[in-house]
Amino acid sequence: MGSLPDLKSPARRRLLERLSFAVPLAALAVMPGARGAAAAAALLDPVSPEAKAVGYVEDAAGASGAARGSTCANCALYQGADGSQQGPCQIFPGKEVKAAGWCASWAPQM
Ligand code: SF4
C-alpha cells in the first residue's frame, strides 16, 4: 500500500487541486463529439462534370426524366438521415446531394 500524499504541504495541495480539474477536462477532450460535429461533406455542384454525367439536379421537379415522386430522399443510393435536407450518395463519394434532388441513377428502395 502506498502512503497518502502529505496534504499539509501547500505545493502538493495545489498540485492535487489542479489535477482534480485537469483530469476531467482531459477526459472531455478525448470524448467523441466533444470538439463539435465533423464538418459536413461539400454539396455536389450540379454543373460539375460528374453531376452532369448522370443528369443530377437539386430539385427533382426540374428533371425531365424523373418519375413522379422520385427524389434523392427515396433513392436506394441516398445515405442521408430520414428528414435530412441533404446527405451522402453512394455514387458521389465525399459529396452530399440534396434530398429533393434527382439523377438518372435513381434506384427504388427495397
Ligand atoms: S443516385 Fe439517387 S441519391 Fe444519388 S444523386 Fe442520384 S437520385 Fe440522388
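A: From the N terminus on, the elements run α-β-α-β-β. Helices (H or I, at least four residues) and strands (E, at least two) are DSSP runs, numbered from the N terminus. This is a predicted model, in which local features need pLDDT of at least 70, side-chain atom pairs count only at pLDDT 80 or more, and totals for chains, interfaces and linings use all residues. Residues are numbered from 1 along each chain as its sequence is written.

Q: How many helices and strands does the secondary structure come to?
A: The protein has 2 helices and 3 strands.

Q: What is the average pLDDT of the protein?
A: The average is 80, and 65% of the residues score at least 70. Here pLDDT is the predictor's confidence in each residue, from 0 to 100.

Q: Where does pLDDT stay under 50?
A: That happens over residues 21–37, for which the model has 2 contacts beyond four places in sequence. Two residues are in contact if their C-beta atoms, placed from the backbone, lie within 7 Å. Where pLDDT is low, the predicted coordinates should not be read in detail.

Q: On to the sheet, then. In what order do the strands lie?
A: The 3 strands form an open sheet in the order β1-β3-β2, with mixed pairing. The edge strands, each pairing on one side only, are β1 (42–43) and β2 (86–88). Two strands pair if DSSP finds at least two bridges between them.

Q: Which way do β1 and β3 run, parallel or antiparallel?
A: β1 and β3 (residues 95–98) run parallel and are joined by 2 bridges. L43 has E96 in β3 as its bridge partner.

Q: And how many bridges join β2 to β3?
A: There are 3 bridges between β2 and β3, which run antiparallel. Q86 has K98 in β3 as its bridge partner. The hairpin of β2 and β3 has 6 residues between the strands, and G94 takes a positive phi near 80° there.

Q: Changing topic: which residues are closest to the ligand?
A: The closest are C72, C75, Y78, C89 and C103, out of 13 residues that surround the ligand. A residue is near a molecule or strand if its C-beta atom, placed from the backbone, lies within 6 Å of it.

Q: How does that shell divide by residue type?
A: The shell has 11 nonpolar and 2 polar residues, and no charged ones. Ala, Val, Leu, Ile, Met, Phe, Trp, Tyr, Cys and Pro count as nonpolar, Asp, Glu, Lys and Arg as charged, and the others, Gly among them, as polar.

Q: What does Y78 touch?
A: Not counting residues up to four places away in sequence, Y78 touches C72, A73, G87 and C89.

Q: Why does W106 count as buried?
A: W106 counts as buried because it has 23 C-beta neighbours inside 10 Å. A residue is buried if 20 or more other C-beta atoms lie within 10 Å of its own, exposed if 12 or fewer, and partly exposed in between, with C-beta atoms placed from the backbone. W106 lies in the segment after β3. Leaving aside neighbours within four places in sequence, W106 is in contact with S70 and C75.

Q: And D59, where does that lie?
A: D59 is in the loop between α2 (49–53) and β2. D59 counts as partly exposed because it has 13 C-beta neighbours inside 10 Å. Not counting residues up to four places away in sequence, D59 touches A100 and G101.
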